[in-house]
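Welcome! Have the sequence and the 3D structure open, and try each exercise before you read its solution.

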Amino acid sequence: MGLKNLAMAVALLLASPAHADVAGAINNRILPDLGAFRDATRTLAETAAETCAPETLRPVWNAAFDAWLPVSFLRLGPAEDEGRILAIAFWPDPKGIGARQQRQLLQSQDAVVGDPAGFAERSVALRGFFALERLLYPTEPLTGDYPCALIRATAADLARMAAEIDQGWRDGFAQTLLSAGQPGNSLYLTEAEAKQALYTQLMTGFEFTADQRLGRPLGTFERPRPERAEARASARSLRNVELSLQSLLAFGEALAGPLPETRADVAQALTAAAALKDPDFSGFAQPQGHVRAEALLGLVRTAQDSAGAEAGAALGVEVGFNSADGD
Amino acid sequence: MATRRGFLASFAAALTVPRLSWADAGNPGFLAAAKQGDGFILCGLAPDGQIVFRIPLPARGHAAAAHPIRPEAVGFARRPGTFALVIDCARGEIAHRLTPPEGRQFNGHGAFSADGLLLYNSEVVAETSEGRIGVWDAARGYARIDEWPSHGIGPHELRRMGDGTLVVANGGIQTDPADRRKLNLDTMRPNLTYLSPEGALLDQVTLHPDLHQASIRHLALGADGTVACALQWEGDPAEAVPLLALHRRDHPVVMCPTPENEAWAMKGYAGSIALGGDRIALTSPPGGVVQVFDTAGNFIETIRRTDASGVAPLADGLMVTDGTGAISRLGPDGLVPLQRHDLAWDNHLVALG
C-alpha cells in the first residue's frame with residue numbers, strides 16, 4: 001500500500017508539473033470558482049435592489065448563471081447542506097412544481113418576500129436561478145409591484161446561498177477534504193476517499209450534462225421533447241452544455257493532471273455543439289437537428305468515458321464498487 | 001406455535017448433537033461478501049468489525065442466508081443467478097452447489113426456516129420473470145423438494161418472520177433473462193406478498209398507483225410484525241419519492257417521506273435496509289449516504305458515507321459496511337468507523353440469529 005502510494009505520488013509529480021491533486025483542484029478551481037459565483041450572485045442581488053427592469057437584469061442574471069456552471073457539479077459539502085444546490089438550480093422539474101408555486105405566490109402576493117429568513121425556508125422549487133428565469137423571461141407580462149419584490153427576494157436568497165457555500169468551503173470543508181485519512185476526520189477515512197469524492201463529482205457532472213441537459217430534451221426520434229430543455233426561456237440551453245463541458249475538463253485536469261483524450265473529446269463535443277446553432281434546442285424537434293444532437297450526446301458520453309479512464313488511472317480510484325453495480 | 005416448533009427443533013438438534021456449530025466458525029455475528037483484489041470472498045464478522053473467517057468464492061455473490069444452527073451459509077449468485085453455494089463456514093469449504101431447475105434463475109436472496117430444515121429462495125421463470133419460491137431440504141443435502149408461486153414478477157428479497165410466515169418483495173421488474181435489461185418499466189406493479197410456511201398466499205399489498213415504478217426489493221423485520229421495505233425508483237429520477245414503506249398485516253402501507261432538502265440524496269435508490277433497536281436505516285451506494293428513520297417511519301437524518309451499502313442490526317445500533325472496506329457503527333453518536341479492511345464490501349450485510 002505505502003509503496004504503491006509512493007510510486008503513484010512520484011508518477012503524478014513527474015506527469016504533472018502543475019501539481020494536480022485534491023489540493024490543486026481546491027486551490028486552482030473550486031475556491032476561485034466559488035468566489036466568482038459568490039461575487040456574480042451578489043452583483044445580481046445588488047442590481048435587482050436598484051432596478052427590476054428585465055433588460056438590465058437579464059445580462060447580470062446570465063453572468064451569474066455562467067459563474068454557476070463551473071461549480072454546479074460540486075454536489076458535496078456545503079452545497080448539499082440545507083438543500084442549497086437543489087434550491088439554486090431546481091431543474092429538471094418535470095411536474096412544473098416551481099412554476100406552480102411561483103404562480104401561487106404571485107397570486108396571493110405572499111408577504112414572505114419581505115422576510116429573507118422565511119423565504120429561505122420555502123420550497124427549493126420556488127427559489128434560485130429558474131425561479132428568476134420565470135420572472136425575467138415571463139410567458140405572460142407580469143404586472144404590479146409584487147413581481148419586482150419577488151425578483152429582489154429571490155436574487156437576495158440566491159446570493160445568500162452562494163455566499164454560504166463559498167464560506168463553508170473556506171471555513172472547513174476544503175480542510176475536511178485535505179485532511180482525509182487523518183485522525184478526527186470522520187467523513188473521509190482515507191486520502192483515496194477524498195480523491196474518489198472529487199472524481200465522483202467529475203463523473204456525475206458529465207452524466208448530468210449527457211442524461212439531463214441533452215438526453216431529456218432529446219427524448220426519442222419519434223417523440224423529441226425540446227420543451228424539456230434546461231433554461232429554454234432564456235435560450236441558454238446550449239450555452240450550459242458548452243460551459244459545463246469546459247468546466248468539467250478544467251476541473252478534471254486540476255484534479256488529475258493532463259487528460260489528453262478527454263481534452264480531445266471535449267474539443268470535439270464543443271465543435272459539434274457550436275455547429276448545432278440551436279441555443280434553446282428547439283431544433284431537436286426537426287429530424288436533422290435531432291440526429292446531430294444525438295451525435296453530440298454520443299461525444300459527451302465518449303468524453304465522460306475518457307475522463308473516467310484517464311482521471312481514474314491518474315488518481316488510482318474508480319466509481320464505488322456498489323455504486324457501479326447494485327441490485 | 002412458532003416458539004413451540006422452535007423449541008422442539010432446538011431440542012431435537014441438541015439431542016442429535018450437531019457436529020459443528022457457529023462457534024466452530026469463530027462465532028460471527030454477521031456475514032458479508034467482498035471483493036478482495038481480483039477475487040471474491042465470504043467473511044464472517046464479529047460485532048466489532050473484526051473478520052473471524054474468510055472463505056474464497058468462485059464468483060461475485062449477492063446475498064447470503066445463514067443457517068440458524070449449523071455453521072452454513074448459502075451464498076446466492078448475482079442475477080441472473082445460475083448457482084448458489086452452501087458454504088461450510090467452519091471448515092472453509094463449499095459443501096453443496098445448488099442449481100436452479102431448467103428455465104429458472106435464482107434472484108439473489110434466500111432464507112431458512114426457523115428450525116433450519118428448509119431453505120427458501122427467490123427465483124424467476126427466466127423467460128417471463130414470473131416469481132417462484134424454491135424450497136430445498138437443508139437436512140438432506142439441499143435436495144430441491146418443492147416450489148411455489150411468489151405471486152408477483154421479479155421477487156428479490158424474502159424474509160422469514162417470527163411466526164414462520166414468509167414475506168416476499170416481488171420487485172415487479174421483468175428482465176431479459178440474458179442481460180438483466182428491464183423490460184416492463186411502464187407497466188410494472190410490485191407487491192409485498194405473505195406466504196404461509198407451506199406456501200399458501202396469506203396476504204398481498206401494493207403501493208399507491210402513482211408509485212407503481214417503485215420496485216420493492218429489500219426487507220427488514222420488526223419484532224411487532226412490521227415489514228420495512230426498501231424501494232428503488234424506476235421512474236423519472238427528477239421526481240423524488242419515498243424509498244421507505246412500512247407495512248403490518250391488516251394495516252395500510254405507510255410511506256415514509258424525507259424532508260424536501262434530503263429527498264434526492266439517495267438518488268432514488270435504496271440498496272439495503274435494516275431495522276435495529278429504534279432505528280431503520282437505508283443505504284444508497286450511488287448517493288453515498290445512509291438515511292435514518294425511527295421505527296414509525298419518521299425521518300431523522302442523512303449520514304454521508306462513501307459507497308455505503310451493507311447494513312444490519314447490532315446490539316447497540318446498526319452496522320454499516322461499504323465499498324471502501326470500512327465497517328462502521330451507526331448509533332447515538334452518529335456513524336463511527338470500527339474497522340477498515342483492504343477489500344470492498346459487497347451489497348449486503350447479513351446478521352446471524
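The model is predicted, so local features need pLDDT of at least 70 and side-chain atom pairs count only at pLDDT 80 or more, while totals for chains, interfaces and linings use all residues. Residues are numbered from 1 along each chain as its sequence is written, and chains are lettered from A and ligands numbered from 1 in the order in which they are written.

**Exercise 1. Find the domains of chain A and describe the side of domain 1 that touches domain 2.**

Step 1. Start with the bounds, which come from an automatic or database domain assignment. Domain 1 of chain A covers 16-178, and domain 2 covers 191-320.

Step 2. Their C-alpha centres are 22 Å apart. In the contact, domain 1 of chain A takes part with 21 residues and domain 2 of chain A with 28 residues. Two residues are in contact if their C-beta atoms, placed from the backbone, lie within 7 Å.

Step 3. On the domain 1 side, helix 2 (22-50) and helix 3 (54-68) of chain A are the elements that give two or more residues. Helix 2 of chain A provides the largest share, five residues. Helices (H or I, at least four residues) and strands (E, at least two) are DSSP runs, numbered from the N terminus.

Step 4. Sorted by class, this side of domain 1 of chain A has 13 nonpolar, four polar and four charged residues. Here Ala, Val, Leu, Ile, Met, Phe, Trp, Tyr, Cys and Pro count as nonpolar, Asp, Glu, Lys and Arg as charged, and the others, Gly among them, as polar.

**Exercise 2. Work out the strand order of the open four-stranded sheet in chain B.**

Step 1. The order is 3-2-1-28, with antiparallel pairing. Strands pair if DSSP finds at least two bridges between them.

Step 2. Look at the edges: strand 3 (51-57) and strand 28 of chain B each have a single partner strand, so one side of each lacks a neighbour in the sheet.

Step 3. Strand 1 (residues 30-36) and strand 28 of chain B pair over five bridges. To find strand 28 from a residue pair, note that K35(B) stands opposite A344(B).

**Exercise 3. How do helix 10 and helix 11 of chain A run relative to each other?**

Step 1. The axes of helix 10 (residues 237-256) and helix 11 (residues 260-276) of chain A come within 10 Å and cross at roughly 170°. Axes are lines fitted to C-alpha atoms, for helices over the stretch in contact, and angles run from 0 to 180 degrees between N-to-C directions.

Step 2. Helix 10 of chain A is therefore roughly antiparallel to helix 11 of chain A; angles under 35 degrees count as roughly parallel, over 145 as roughly antiparallel, 65 to 115 as roughly perpendicular and the rest as oblique.
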